[in-house]
Amino acid sequence: MGEFPARIVAQDFLTPPEFAPWRLAGDGAGRIGGARFSLQSHGGATRLTDLYEQVPLRVLPLNLGATEPTLIYLLNPTNGLMDGDAHKIEIHAGPGTRTVVTGQSATRIHPCLRGFCTQQWKVSVADGAILVVLPGPAIPFAGCRFFQRIEFELGPNAQFIWGDLWFAGRYARQEASERFRFERIVQEMLVRRAGHLVFRDRFCWTGPWDDETARWHFGEAQAAGTLFTTGTRRPESFVAVDEARVAAFTTAAGDTCCRWTGPSQSVIRAIVENALRLASE
């Protein structure tokens, strides 16, 4: 984690080669921020410690009792990610903690005229901890440029679940539909266990997509969701929900990746229900 409580600045963010011509906001006030916090177990309950918040992100912990995991909302009071915005989230889950981290709503990714926007996560999960991270759906608007980087460091016996959701855009707008009209989206996900790389997933989507390209990636669906979960899970462990189609595979390191496509409401429900059920097993 970054030095506490060092301010988060533009230089803390990685720029992918695909976005080398563009920059983040020159004036970072209210544009470049994030949150750093640790989770510790006290008497069987999970407590938030070493919290640093920087506008525009805020952290809202909800203690639901000693027998329940702690629920933490990441709040963005602005209207999503604007051109030049950058959010950095750093989390350390200590031994014995049980936590669900989620966003309060979908992440709207606005058009970029001069630069790009980014959200970058750095998460460590200790042995004996259970951490579920469900940041919420991402909705790319027409003309947006977005980089999401997710980096996890796991203890040998940590239990961790990450779920992300991608929507086709603002598609329910008839002739003004922005279905797959983004300019470019880059996502990079790295998972290390005891310092060794065990999973890497990277894609660069260059839009806007025509119907053939959209079908290659999403089929006829309006949403796609992915769960990465530690440990080997049988395909039947993942429950199909409504019209969402599901496929799962086991990684070389013995973890599991599962993906759904379908209507947005069905994919959301599939990600959330399966993530919370698997975490409790």
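Arg-277 is partly exposed in this predicted model, because its relative accessible area of 27% falls between the limits of 20% and 50%. Its partner in a salt bridge is Glu-281, and the closest N and O atoms of the two are 3.0 Å apart. Glu-281 itself counts as exposed, because its relative accessibility is 57% and the cut-off for that class is over 50%.

Let's stay with charged side chains for a moment. Side chains of opposite charge can pair when their charged atoms come close. The structure holds 15 salt bridges, and a second one to look at joins Glu-178 and Arg-170, with 2.9 Å between the closest N and O atoms. Here Glu-178 is buried at 11% relative accessibility, whereas Arg-170 is partly exposed at 30%.

What of Arg-149 and Glu-151, whose side chains meet in a salt bridge? The N to O distance in this pair is 2.9 Å. Arg-149 has a relative accessibility of 17% and so counts as buried; Glu-151, at 18%, counts as buried too, because the limit for this class is under 20%. These two residues also belong to a network of salt bridges that links Glu-18, Arg-149, Glu-151, Glu-188, Arg-192, Arg-200 and Arg-202.

Strand β13, which covers residues 184-193, runs antiparallel to β14, and the pairing extends over ten bridges. Which residue in β14 is the bridge partner of Arg-193? That partner is His-196.

Next come the aromatic rings, which form 17 pairs. In one of them, Phe-19 and Trp-22 have ring centres 6.0 Å apart and planes at 70 degrees; the pair is edge-to-face because planes over 60 degrees apart are classed that way. Phe-19 also pairs with Phe-116, this time in a tilted arrangement, with 5.1 Å from centre to centre and 35 degrees between the planes. Why does the pair of Phe-19 and Phe-116 tie together parts that are 97 residues apart in sequence? The reason is that Phe-19 lies in the segment before β1 (32-42), while Phe-116 lies in the loop between β7 (107-109) and β8 (117-125). Both of these phenylalanines are buried, and for Phe-19 the relative accessible area is 0%.

Elsewhere, one aromatic cluster brings together Phe-146, Trp-166, Phe-180, Phe-182, Phe-203, Trp-205, Trp-209 and Phe-218.

To finish, look at the surface. Leu-60, Leu-62 and Leu-64 form a nonpolar patch there, and together they have about 240 Å² of accessible area. Leu-60 sits in strand β3, residues 58-62.

Conventions. Residues are numbered from 1 along each chain as its sequence is written. This is a predicted model: local features need pLDDT of at least 70, side-chain atom pairs count only at pLDDT 80 or more; totals for chains, interfaces and linings use all residues. Side-chain values use heavy atoms; hydrogens and water are left out. Two strands pair if DSSP finds at least two bridges between them. Helices (H or I, at least four residues) and strands (E, at least two) are DSSP runs, numbered from the N terminus. Patches are made of residues with over 30% relative accessible area and no salt bridge: like charges are joined within 9 Å, nonpolar side chains (Val, Leu, Ile, Met, Phe, Trp, Tyr) within 5 Å. Accessible areas come from the Shrake-Rupley method with a 1.4 Å probe; for residues, only the protein chains shown count as cover. A salt bridge is a side-chain nitrogen of Lys or Arg within 4 Å of a carboxyl oxygen of Asp or Glu. Rings of Phe, Tyr and Trp (its six-membered ring) pair if their centres lie within 6.5 Å; planes under 30 degrees apart count as stacked, over 60 as edge-to-face and the rest as tilted. Buried means under 20% relative accessible area, exposed over 50%, partly exposed in between (1.4 Å probe, protein chains only).
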